[in-house]
Every structure is written in structure tokens, then in C-alpha cells.
Amino acid sequence: MNDLVHDLGRGVAGTVVYQSVLAQDSGAWTAAHTAARTLAGQAATVDPPSASLYRGAPAVAYALHTAGHRAYRSALAELDRKIGPLVASRLSAARRRMDSGHPPRMREYDLIRGLTGLGAYLLSRGTGPDLLDGVLRYLVQLLQQPVTVEGNSLPGWWTLDSPSGEPDARWPLGHGNFGVAHGVAGPVALLALCSRAGRTVPGQHEALIAACRLLEEWLRPLPDGGDAWPETITADGWRGGPPSRAHLGRPSWCYGTPGIARSLQLAALACGRTDTQHCAEEALLACISHACQLDRLQDATVCHGWAGVCLTADRAAADAASGSALPDRLSALCSAFTTHVAEHPLPRDAGLLTGSDGILLTIHTLNPNHRVASGWETCLLLN
């Protein structure tokens, strides 16, 4: 059995999304149906420890839902009957963990493997409002209720895992992660997107305000201009508070300034915090304007590379405050992306995050001659 068939980020589920978006424009569904038949060729897992937005039944369902073709309706209904109990099981396990006072594993709450990702599916699908409310209540508590690790009071999204997602003796007290893929920016973005869609639970607004303050506080100046967030921090780093200077990292969607800035912008819009919105947009603008940051991009992918940066900037620019320079910067940014793709071979792998499907879909989405309105970017918490 090929585990990547039902993988949205690295496998055929991502191919279905790409081919379906193309088909929505062209009306030619042969390639999309062929990829969808590959998905149907083997059963997708609904095992609670491993099934997530990016793997198993939820990944398949997200791909078929994004396709929006009538031929997939019965398959989607069957998948929803399985995904509902899966989400309920994950929520029950998370509540038991919270009641114990222990910190979470990264895969409990993150976008790629956790409840934030499953919430993104429910938001996109629109068929499980009670389950989505359960996810939102969980995330509000995650952001607001601290945990204690060996006498240290740490935020509720702190994990005893290392940044790899597994325990590691080199990270004895775990770590805090600021990124959108595996860290606090993911829950923040989902809560904000749900607020925009009219889905709210008690405490959601207050959690978003607290998140705005947190992200504003930890946004620090870079030595050569601009600002950035830490990708990860140790317990000592958390106790010491925000440093005077930021460390220059990779400006990626998954861990870097673009994804975090978009999450902060969405939260600011949800809370009506104009100054916070300006802060987020200025951080993103500096990131995509400085060669010292863009030079650190090594590939064209959505997760780590040019596609993710361009797509994030495009979505942020669409929501930018009047007078923002973000929209004016997009042309040069996308031109640099196009140049990189022309000069380097595409990955041989499939999938939206690290494969060619995500790169080609981003190019198609950003083409000004046909604006894509499929909403496929919800799996990235960009829209």
C-alpha cells in the first residue's frame, strides 16, 4: 500500500485538487477523474492517531470537496460519516489531556496532523457545525489556558515534542512553535477565518485579541532591516521574553514570517485592530522586499519556497488596508517566482506542499487572466 496516495501535501490527494481546479476552468475533467479513481483504489484510513487533514480520509474528502463535481457527492457523504466520529474521538482525547494538565503533543493541535487541520476541513465543508464549534472551543482553551512543565508556566500550545514532532532529549522541556503549519499561528488563523465566516464560540474574540498581543510582542527587528518571529523557542527563551533582535530564518509559509504575518493580519481583521493589521502587513512587506530574506528561499514549493510566499502575499494583499504597499510589490515578487521556476526543474513528487502540484496550482491561481475562486487555500489557512 502506498501511504502517499491519500496524502494532500505529498501525494495523489494533492493532485486531485490541482487537476480539479484546472478542470473547473477548462471543463475537461479526464485528468481529475483519473486521479480521483486512484484515491478510490484503496481504503483511506480513519484511524484517529494518524488520519488528519493531510492524510487519510480527511485528505481525500478535502480533495473531493474542493473539486466540487457532482460525481463525488456520494463518496463525500460516506467520508463525512466516517470523519465525524474521527473528529469527536480526537476532541475527546484532547479534553482528557487538558484535564490532566499535561502539555499537548504537536500532532494534537497543529494544522498538518491535528485538530486545527480537521477544523479547516469542517470550515471548508460546512456540514459539521457542531463539530466545528467543538474544535473552536478546544482551540480557545488551548490559547488561553497555560500548562506547567517542571515548574515552568508555559502557554497551552507548548509541546513536549522537539521541532521534529517527536520527543528528543536535546529538547528536555519541549518547545514553542510560532509557525502556521505546526505552531500557534495555525489555531490563530483558523479562529480568525471562522470569525470571518460567522462561526464563533464564547471566548473566541478574547483569544484572538490575546493572540494579537502575543504575536506583536514576539515580532522583533532583524539586523539588516525588517522584522521576524522566531520559528521555535526553548523554555529558557520563553522565560527570557522576546529578544532585542530576531534571527534571520527562511521566509516560508510553514514556519516563517509570511505565514505568521497572514495569521496575525486575519486575527487583526477579525478583532478590528487597525494598528495590529498595519504591523502584520508591514512585516510581510519588508520580508518580500528584502533580498537578504528572499535569497534564503531554496525551492519553488508551497511549504518552504517561492509558491507559498507568493500565494500568502497575494492573499494578504487582497485584504490589505487602504494605502498599503503590499499590492504594488506583488508583481516583482511573482516575477522572481516565475524566474526561479523557469531556471529549475520541478519536483518529481506529487502533492500540494512539497510537490509539483502545489507549484503549478499556485501559478494557475495567481494568473491575473483567470482568478481562481475555488477556495482551495483553506488547507493552508490563507483564505
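This is a predicted model: local features need pLDDT of at least 70, side-chain atom pairs count only at pLDDT 80 or more; totals for chains, interfaces and linings use all residues.
**Entry 1: α8 against α9**

I read off an angle of about 135° for the two, with their axes 10 Å apart. That angle falls between 115 and 145 degrees, so I put α8 and α9 down as oblique to each other. I also noted the handedness: α8 passes α9 in a left-handed crossing.

Next I looked up who meets whom. From α8 I have Val188, Leu191, Ala192, Cys194 and Ser195, and they meet Gln204, Leu208 and Ala211 of α9. Sorting the residues of this contact, I get six nonpolar, two polar and no charged.

I then moved on to Leu219, which I found in the loop between α9 and β4 (220–221). Is Leu219 buried or exposed? It is buried, because its relative accessible area is 10% and the cut-off is under 20%.

I checked what Leu219 touches, leaving out residues up to four places away in sequence: my list reads Asp227, Ala228, Trp229, Cys279 and Ala283. I also looked up Pro243, which is 24 residues from Leu219 in sequence. In space the two are 9.3 Å apart, C-alpha to C-alpha.

**Entry 2: α11 against α14**

Another helix pair came next. I find that the axes of helix α11 (residues 257–271) and α14 come within 9 Å and cross at roughly 20°. With angles under 35 degrees counting that way, α11 and α14 are therefore roughly parallel to each other. Their crossing is left-handed.

On the α11 side I wrote down Pro258, Gly259, Arg262 and Gln265; they meet Val309, Thr312, Arg315 and Ala316 in α14. I sorted this contact into three nonpolar, three polar and two charged residues.

**Entry 3: Arg315 again**

How accessible are the two? I have Asp314 as buried at 9% relative accessibility, and Arg315 as buried at 7%.

One joins the side chains of Asp319 and Arg196, at 3.0 Å from N to O. I placed Asp319 in the loop between α14 (306–318) and α15 (326–343), and Arg196 in helix α8 (residues 185–196), so this pair ties together parts that are 123 residues apart in sequence. Asp319 is partly exposed, with a relative accessible area of 22%. Arg196 is partly exposed as well, at 44%.

**Entry 4: a salt-bridge network**

The other bridge I followed is between the side chains of Glu166 and Arg105, 3.3 Å from N to O. Where do they sit? I found Glu166 in the loop between β2 (152–154) and β3 (176–177), and Arg105 in the loop between α4 (73–100) and α5 (106–109). They are 61 residues apart, and the pair links distant parts of the chain.

For accessibility, I noted Glu166 as partly exposed at 38%. Arg105 counts as partly exposed too, at 28%.

Last, I looked at what else connects here: Arg105, Arg107, Asp161 and Glu166 are linked in a network of salt bridges.

How values were computed
Residues are numbered from 1 along each chain as its sequence is written. Side-chain values use heavy atoms; hydrogens and water are left out. A salt bridge is a side-chain nitrogen of Lys or Arg within 4 Å of a carboxyl oxygen of Asp or Glu. Helices (H or I, at least four residues) and strands (E, at least two) are DSSP runs, numbered from the N terminus. Buried means under 20% relative accessible area, exposed over 50%, partly exposed in between (1.4 Å probe, protein chains only). Axes are lines fitted to C-alpha atoms, for helices over the stretch in contact, and angles run from 0 to 180 degrees between N-to-C directions. Angles under 35 degrees count as roughly parallel, over 145 as roughly antiparallel, 65 to 115 as roughly perpendicular and the rest as oblique. A crossing is left-handed if the near helix is turned anticlockwise from the far one by less than a right angle, and right-handed if clockwise. Contact means heavy atoms within 4.5 Å. Ala, Val, Leu, Ile, Met, Phe, Trp, Tyr, Cys and Pro count as nonpolar, Asp, Glu, Lys and Arg as charged, and the others, Gly among them, as polar.
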